[in-house]
Amino acid sequence: MKKILISIISATLLATTAFAEPDSGEFIPKDEPFDASHIYIEPSVSLVFPAYVFDASNAIHETPKFGFSAGIGYNWGGWLFGLEATRDWFGRTKKEYPAADNFISNSLEFRLRRVLSQATISKLPHWLEIVPGLAGGIDIFQMATVKRGDEVAPFWRASVELAIIPGTERAAPYLGFDYNFLYNDSKLKGTVAYPRLTLGMRMYLFGGSKKTPAAATVSTQVEPKTGFTPDGDGNNDVLVIKPTVKNLKSTPESWKVEVRDQQKEVVKSWEGTGKLPSKIDWDGTTISGERLFSSERYTVATTVVPSESDRIRLGQDVVTDETRVKTGVLMEEIIPQKQWKIVVNTIYFDPNAATFEQLSTEQQTANTETLDSIASQTLALSADIKIEVQGYANNVSNTAEENEKELIPLSRNRAEAIKEQLKVRGLKEKNLSALGLGGANPLAAWEDKAHWWKNRRVEFIVTK
């Protein structure tokens, strides 16, 4: 017995690698296929306290003694299913119960227990587990007047264990307390009950729960990805956002979906707690009330904060994903069925010039797509459509001198360059005009430096 006890304590002290017993954090585990690493064996030693006969209401033994057990089982997401064989010896019998002398309990039982770790009870420290359980089986007991095998009694056990996780990848040592019952009318004259204090260890022969769970992932799907035009014409006026999250065992703590512009500023957001919405319909309205720009790329980002149990299980405090959506040509109606305005700030020019010679391939492609879309969409209204191209700039110094000497000439030349691009795309020259407005009609105030980029734009006044 001393050797068994020394072996258990030694194995505990020699443990070195981080470990926690499998615990899904759910009452009924999901997605828990068979895993050989969850098979365990379980030796233990016990201090056996004096037994009681319920009918006599007092102890039939005077002193505690000892016992030992050996078991095997499987951990299914925190539920321990096991078979165990136990042998308990009892101390000296009281004089009034001589028949119970040399009483030995030999039980074979099925055990059902539940590992309650930090994954289930968030307030528990990571090194502590509580394991309550029940067991039932048979007891082939023996004593002075009964030989082993002559009597069989039904056997029950209620137990609770405190498992201390010292740092081994294969074992969970624990200190347990249980109460045991066996019933026999012919020899024991009723129900015998006795408590035990147990020191044991569950040893996972194939590595315990070192298997790394699949990481949680978020997906953000949008429809349409291109050509979103919330301008009320009945065509692609709504962006459908579908956020989903995978590999979480429980409902998320919170979530947030944001739409950001190219400067990473949030223009629209939704947030909540618990389950993610199956979809979000966005009509293009923004926090500031401003309209979206045409031919602009926006980012749709989803952020999910998992539940505390999932954060502990996965080691992920937050899960994110983002995707891009590009607006089409938004035609803001000024006069019903007569006049519209298109606002674009993604037509690129060479620095301080009205030319396109130094642009990157990406910028050239963006210009081509934007101007092609404007030409085709306006020509679809009428072959005789009229367009006034208005160039705008940002007045950095906020002075009339900069506006008159630099910005108006520059914006006029750029408007003329765009007019020429529309002409080669099929619009009639007589229906095209260009106007340079410099720093007039700013969308962002001079004090709002972070939004100056909005002032550098081109507007198209389309008249049918």
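The structure is a predicted model, in which local features need pLDDT of at least 70 and side-chain atom pairs count only at pLDDT 80 or more, while totals for chains, interfaces and linings use all residues. Residues are numbered from 1 along each chain as its sequence is written, and side-chain values use heavy atoms, with hydrogens and water left out.

The aromatic rings are a friendly place to start. A pair of aromatic rings is described by the distance of the centres and the angle of the planes. Here, rings of Phe, Tyr and Trp (its six-membered ring) pair if their centres lie within 6.5 Å; planes under 30 degrees apart count as stacked, over 60 as edge-to-face and the rest as tilted. A search of the whole structure gives 13 aromatic pairs. One of them joins F103 and F141, a tilted pair with 6.0 Å from centre to centre and 35° between the planes. This pair links distant parts of the chain, 38 residues apart: F103 belongs to the loop between β5 (79-89) and β6 (104-114), and F141 to the loop between β7 (128-139) and β8 (153-164). The strand names follow DSSP runs (E, at least two residues), numbered from the N terminus. Both F103 and F141 are buried, where buried means under 20% relative accessible area, exposed over 50%, and partly exposed in between (1.4 Å probe, protein chains only). Ring pairs also gather F90, F103, F141 and Y194 into a cluster.

The rings of F293 and W453 make another pair, which counts as tilted because the centres are 5.7 Å apart and the planes stand at 50°. F293 sits in the loop between β16 (280-282) and β17 (297-305), and W453 in the loop between β22 (432-436) and β23 (458-463), so that distant parts of the chain, 160 residues apart, are linked. With a relative accessibility of 6%, F293 counts as buried, and W453 counts as buried at 13%. Elsewhere, R457 lies over the face of Y392, 3.9 Å from the ring centre; a charge sits over a ring if NZ of Lys or CZ of Arg is within 6 Å of the ring centre and within 35 degrees of the ring normal.

Next come the strands, which pair if DSSP finds at least two bridges between them. Strand β21 (residues 386-391) pairs with β23 in the antiparallel sense over 6 bridges, and K386 stands opposite T463 in β23. β21 is also joined to β22 by 5 bridges, and these two run parallel; V389 stands opposite A434 in β22. Strand β18 (residues 319-327) pairs in the parallel sense with strand β12 (residues 226-228) over 2 bridges, where F228 has T327 as its bridge partner. β18 also pairs with β17 in the antiparallel sense over 8 bridges, and V304 stands opposite V319 in β18.

L175, found in strand β9 (residues 171-184), is partly exposed because its relative accessible area is 49%. E62 has its place in the loop between β3 (58-59) and β4 (65-76), and at 40% relative accessibility E62 counts as partly exposed.

Technical notes:
Helices (H or I, at least four residues) and strands (E, at least two) are DSSP runs, numbered from the N terminus.
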